[in-house]
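Please examine the structure shown here together with its sequence. The briefing below is arranged by topic.

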Amino acid sequence: IPSVSSIVPESCLLIVVGLLVGGLIKGVGEKPPILKSEIFFLFLLPPIILDAGYFLPLRQFTENLGTILIFAVVGTLWNAFFLGGLMYAVCQIGGTGLNHIGLLANLLFGSIISAVDPVAVLAVFEEIHINELLHILVFGESLLNDAVTVVLYHLFEEFANFEQVTIIDIILGFLSFFVVSLGGVFVGVIYGVIAAFTSRFTSHIRVIEPLFVFLYSYMAYLSAELFHLSGIMALIASGVVMRPYVEANISHKSHTTIKYFLKMWSSVSETLIFIFLGVSTVAGHHYWNWTFVISTLLFCLIARVLGVLGLTWFINKFRIVKLTPKDQFIIAYGGLRGAIAFSLCYLLDYEHFNMRDMFLTAIITVIFFTVFVQGMTIRPLVDLLAVKKKQESKRSINEEIHTQFLDHLLTGIEDICGHYGHHHWKDKLNRFNKKYVKKCLIAGERSKEPQLIAFYHKMEMKQAIEMVESGGMAKIPSAVSTVSMQNIQPKILPVERALPALSKDKEEEIRKILRNNLQKTRQRLRSYNRHTLVADPYEEAWNQMVLRRQKVRQLEQKMNNYLTVPAHKVDSPTMSRARIGSDPLAYEPKADSENLPIITIDPASPQSPESVDLANEEPKGSDHVSSSPEEDEEGLVMRPKEPSSPGTDDVFTPGTSDSPSNQRMLRCLSDPGPRPEPEEGEPFIPKGQ
């Protein structure tokens with residue numbers, strides 16, 4: 001029923017099925033089965049965690065590891081103590097029926113209910129296709145908070161049996177967190193390395209290759225649980241460590257088997273967990289207390305919201321990509337509780353914790369509220385807030401090259417700055433992995449293969465499989481290697497290829513070019529910064545040259561200020577603007593302007609009347625007559641400079657107009673001083689003049 005499944009998450013529907021089945025069993029007079037904690041922790045939980053750990057998006061996980069750890073450790077501790085403390089206050093105020101519940105019992109309850117559940121998060125978040133950042137933050141938190149939950153659970157369970165808790169017990173409890181978390185990771189890494197090493201020698205018996213992955217992973221989980229370490233962290237560590245080496249060694253058929261078997265196994269476990277949760281709700285003994293249940297639900301939501309807001313405010317000070325208010329809302333809203341809390345509560349000893357039934361009732365209420373209400377409303381809220389969705393895109397060689405290039409670039413920048421950050425340690429780890437680990441754990445030539453070529457092989461194989469499955473064998477590119485094709489090419493007659501076939505030599509030459517040019521490993525240089533630079537022997541000479549050039553320029557500027565160079569015939573800026581403002585054809589120098597008076601102005605004091613004298617001015621009563629009445633009214637006319645002959649020097653050969661008085665006149669006209677602005681639309685030089 002697509003209309004139902006698009007609104008209600010699968011986990012909710014499975015719980016409803018469980019409730020119906022449990023009610024049916026109870027209706028016919030039988031006792032419904034209860035989800036026992038041993039079955040849950042030993043058989044149902046490991047497949048889900050192994051599937052999540054083996055296919056963990058490692059790049060996003062490592063880039064956001066700091067944020068995930070803060071949410072997982074500090075956030076879970078805050079939730080546990082905040083919730084436990086407030087519930088203890090409620091028990092003291094709440095009257096009869098709650099007074100007997102002490103502080104340690106409430107803190108134990110807080111530690112059980114505070115952890116985000118990976119099974120519930122996976123079930124809901126995979127359906128809404130949220131972007132990779134938010135998915136890895138919430139899911140990573142749900143995986144890594146297991147260590148905190150295990151430590152707090154065992155700690156408060158032990159403390160409840162003590163007559164008196166000393167400071168030494170509290171310090172040991174704090175140290176046990178590091179033992180549990182790091183011990184779980186250590187156990188997982190050991191089994192992951194053993195699994196990778198074993199897969200080196202399975203080339204002659206491919207059938208049992210998938211078995212080693214499941215066997216060693218499960219042994220890592222059991223070994224961790226045996227010593228009360230974090231089994232979930234052991235499973236994640238083993239899956240992450242073994243995957244790159246195992247996939248390089250095993251055949252393609254084994255890889256497909258592992259992938260689909262893990263998906264199927266985790267899906268079956270998830271289905272059984274939610275169905276049994278519904279059945280156990282009907283079958284279990286319940287003790288309903290309104291005050292306790294409603295307070296638990298309310299304080300769970302308040303603690304989650306306050307924790308996310310406070311931690312994000314702190315985290316955003318150090319993050320480059322800040323978490324927006326929308327992201328914070330989704331992280332707070334995505335804190336779903338599930339079957340882990342139910343199973344941990346079911347494990348409590350009834351003799352020491354006689355309030356276990358009330359705890360179970362409150363936990364089931366919180367689980368149902370988070371899974372049904374938050375799980376059903378998170379998808380419409382994601383659409384309403386326009387939160388970025390996951391973009392399904394196939395990775396390409398181009399993207400891989402650019403990713404590696406940026407990694408190398410950022411590592412180089414960190415080296416230059418002398419700052420040993422995330423990229424520096426990642427580069428060191430990659431170099432160590434390539435130099436030592438790959439040679440031990442990967443068989444044959446694949447151990448020396450660059451990352452880019454390995455990625456090319458993987459893409460090539462994927463493309464070939466898609467072609468074979470779609471029946472498009474004629475379209476397979478000739479570059480598909482024989483290694484990739486050996487397990488998938490059916491025994492049919494050779495089909496003529498659509499693309500021209502490359503010779504083996506040519507193919508090998510292309511691969512060699514790729515190996516040599518695309519993936520040259522950066523040689524390690526001594527880290528340096530601006531304080532420890534080696535002195536450059538040529539640096540002093542360069543400085544002297546720069547100083548000399550500066551002095552020469554200053555001298556040239558001073559010379560230009562003091563020396564007078566004859567003006568060229570190029571118009572001054574003022575005259576040029578005047579021409580542009582008026583009709584350019586209207587301004588033409590008059591041919592007959594010999595006898596007009598020339599005003600000589602002393603530039604030192606252009607305003608003084610003494611500095612103005614009329615040179616070459618004809619007396620009033622002279623015999624000179626103007627050629628036309630219009631020329632009398634023309635006033636001053638600028639004389640154009642005569643063009644020089646080809647053999648003469650423009651600048652240093654004095655001409656007729658190069659007398660000092662003419663030069664002064666030109667200077668004056670080039671900078672005539674303040675004058676009233678012309679009216680808007682009126683040309684600077686009237687037309688026809």
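Predicted model: local features only at pLDDT ≥ 70, side-chain atom pairs only at ≥ 80, totals over all residues.

Residues are numbered from 1 along each chain as its sequence is written, and side-chain values use heavy atoms, with hydrogens and water left out.

**Overall make-up**

- The protein has 25 helices and 2 strands; helices (H or I, at least four residues) and strands (E, at least two) are DSSP runs, numbered from the N terminus.
- Of the 689 residues in the protein, 38% are buried. Buried means under 20% relative accessible area, exposed means over 50%, and partly exposed lies in between (1.4 Å probe, protein chains only).
- The accessible surface comes to about 41,100 Å², and 63% of that surface belongs to carbon and sulfur atoms. Accessible areas come from the Shrake-Rupley method with a 1.4 Å probe, and for residues only the protein chains shown count as cover.
- Among contacts (heavy atoms within 4.5 Å) between residues at least 6 apart in sequence, 80% join residues at least 24 apart.

**Packing of helices α3 and α10**

- Two packed helices are described by the angle between their axes and the distance between the axes.
- Helix α3 (residues 37–54) packs against helix α10 (residues 209–226) at an angle of about 115 degrees, and their axes are 11 Å apart. Axes are lines fitted to C-alpha atoms, for helices over the stretch in contact, and angles run from 0 to 180 degrees between N-to-C directions.
- Residues of α3 including Phe41, Phe43 and Tyr54 meet residues of α10, among them Phe214, Tyr218 and Leu222.

**Salt bridges**

- Side chains of opposite charge can pair when their charged atoms come close.
- The whole structure contains 8 salt bridges, each defined as a side-chain nitrogen of Lys or Arg within 4 Å of a carboxyl oxygen of Asp or Glu.
- Asp51 pairs with Lys263, their closest N and O atoms being 3.6 Å apart. This pair links distant parts of the chain, with Asp51 in helix α3 and Lys263 in helix α12 (residues 252–283), 212 residues apart. Asp51 counts as buried because its relative accessibility is 10%, whereas Lys263, at 39%, is partly exposed.
- Arg379 forms a salt bridge with Glu127, the closest N and O atoms being 3.9 Å apart. Arg379 lies in helix α16 and Glu127 in helix α7 (residues 118–128), so the pair ties together parts that are 252 residues apart in sequence.
- Asp407 and Lys426 form a salt bridge in which the closest N and O atoms are 3.7 Å apart. Arg59, Glu63, Asp407 and Lys426 are linked in a network of salt bridges.

**A nonpolar surface patch**

- Ile167, Ile168, Ile171, Leu172, Phe174, Leu175, Phe178 and Leu182 make a nonpolar surface patch of about 860 Å². Patches are made of residues with over 30% relative accessible area and no salt bridge, like charges being joined within 9 Å and nonpolar side chains (Val, Leu, Ile, Met, Phe, Trp, Tyr) within 5 Å.
- Phe178 belongs to helix α9 (residues 167–198) and is partly exposed, because its relative accessibility is 39%.

**Positive phi angles**

- His228, a residue other than glycine, has a positive phi near 60 degrees; His228 lies in the loop between α10 and α11 (231–249).
- Ala386 is not a glycine, yet its phi is positive, at about 55 degrees. Ala386 is found in the loop between α16 (356–384) and α17 (397–417), and it is exposed, with a relative accessible area of 57%.
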